Amino acid sequence: SSSVTDRDGMATAVARRIVQLERTLRAAPRSMAASSFSTSAEEELIVNTEGSIGELILNRPKALHALNPNMVAIATPVVQDWKSNDAVASFVMRSEPWGGKAFCAGGDVRAVYEDGLANETGTAGLGVPGSITGDFFRKEYELNYMLATCPKPQVSLWDGIVMGGGVGLSVHGAFRVCSEKALFAMPETGIGLFPDVGLTYVLPRLAGAGEVASS
C-alpha cells in the first residue's frame, strides 16, 4: 500500500541520515562546525534543518546539557511545527560537542530549587503559573508528550550521561543510537520517587537482549 511505501521511504531516509551523521562525527569527533547551524552556537538549544532532516542540538556542555526552561521554550514551537511540516521528514537530537560527557544529565532542578528559594509570594511548589517552580515541569511534560505523539521519526544520539529529563527528550522517539559511553539512569528512584517523563510507561516495555520491545 502507499502508506507502507511512504513508511519504508522515510525509514530509508532516516538510515541514510544516520550514516551521514556518523561519518561527520567521526571526521570531527570533538565538535561540529558552528557555521553549519542555522542559529548561534551560543544558543542553549541549537535548531538546524538540512534538507528534509531537522536537528535539535543541546548546547550546555558546562551543565552537562541539563534541560532548562529556555531550552524547553525553544524546542516546543519547533517540534510543534515539524509535526505538520511536510518539508521535514524526521529529526535528530544530540548534544554538542560530540564526544563530551553527556547527552543530557536531566532537568535543571537547581534552577527550580533556587527559584523556589527566591519566591516571596508563598506559592512556590503550588503550581502557580508565572514562575519556574510553577511552569517548568508542566511545560517539560507537555514537550515530552509532543515528542511521544510526533508522527515524524526522531533519532536521538546517546553519548555519555542520559538521565531524567534527557531520557524524556529522547526515549519516546523512534530510534536511539547509543555509543559505548552511554550511561542511562533515572536517579530520582534512588530517593524513593517514581520515574517521571513517561518512564512508568516505557520501562515495563523495554526489551531484553535479543528481544523485540512491545509498543
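**A tour of rings and a cavity**

Select Tyr-141 to start: at 35% relative accessibility, this residue counts as partly exposed. The model is predicted.

Now look at the two rings. Phe-137 and Tyr-141 make a tilted aromatic pair, 6.2 Å centre to centre with 40 degrees between the planes. Bring in Phe-136 next; Phe-136, Phe-137 and Tyr-141 form one aromatic cluster.

The count of aromatic pairs comes to four. For another of them, select Trp-82 and Phe-91: the pair is tilted, at 5.5 Å centre to centre and 45 degrees between the planes. Trp-82 is buried, and Phe-91 is buried too.

The structure holds one cavity of 30 Å³ or more. The largest cavity has a volume of about 70 Å³. To display its lining, select Leu-45, Leu-56, Leu-58, Leu-67, Met-71, Val-72, Ala-75, Val-79, Met-93, Leu-143, Leu-147 and Leu-169.

Colour that selection by residue class: twelve nonpolar, no polar and no charged. Then colour by element of secondary structure. Strand S2 (53–58), helix H2 (69–84) and helix H4 (132–148) each supply at least two lining residues. The largest share, four residues, comes from H2.

Last stop: Tyr-201 and Arg-205. The charged end of Arg-205 sits over the Tyr-201 ring, 3.8 Å from the ring's centre.

Terms used:
Residues are numbered from 1 along each chain as its sequence is written. This is a predicted model: local features need pLDDT of at least 70, side-chain atom pairs count only at pLDDT 80 or more; totals for chains, interfaces and linings use all residues. Side-chain values use heavy atoms; hydrogens and water are left out. On a 1 Å grid over the protein atoms alone, a cavity is a set of points where a 1.4 Å probe fits but cannot get out, and a pocket is an open set with protein on both sides within 12 Å along at least five of seven lines; lining residues have an atom within 4 Å of a point. Grid points are joined across faces, edges and corners, and a volume is the space filled by probe spheres set on the points. Ala, Val, Leu, Ile, Met, Phe, Trp, Tyr, Cys and Pro count as nonpolar, Asp, Glu, Lys and Arg as charged, and the others, Gly among them, as polar. Rings of Phe, Tyr and Trp (its six-membered ring) pair if their centres lie within 6.5 Å; planes under 30 degrees apart count as stacked, over 60 as edge-to-face and the rest as tilted. Buried means under 20% relative accessible area, exposed over 50%, partly exposed in between (1.4 Å probe, protein chains only). A charge sits over a ring if NZ of Lys or CZ of Arg is within 6 Å of the ring centre and within 35 degrees of the ring normal.
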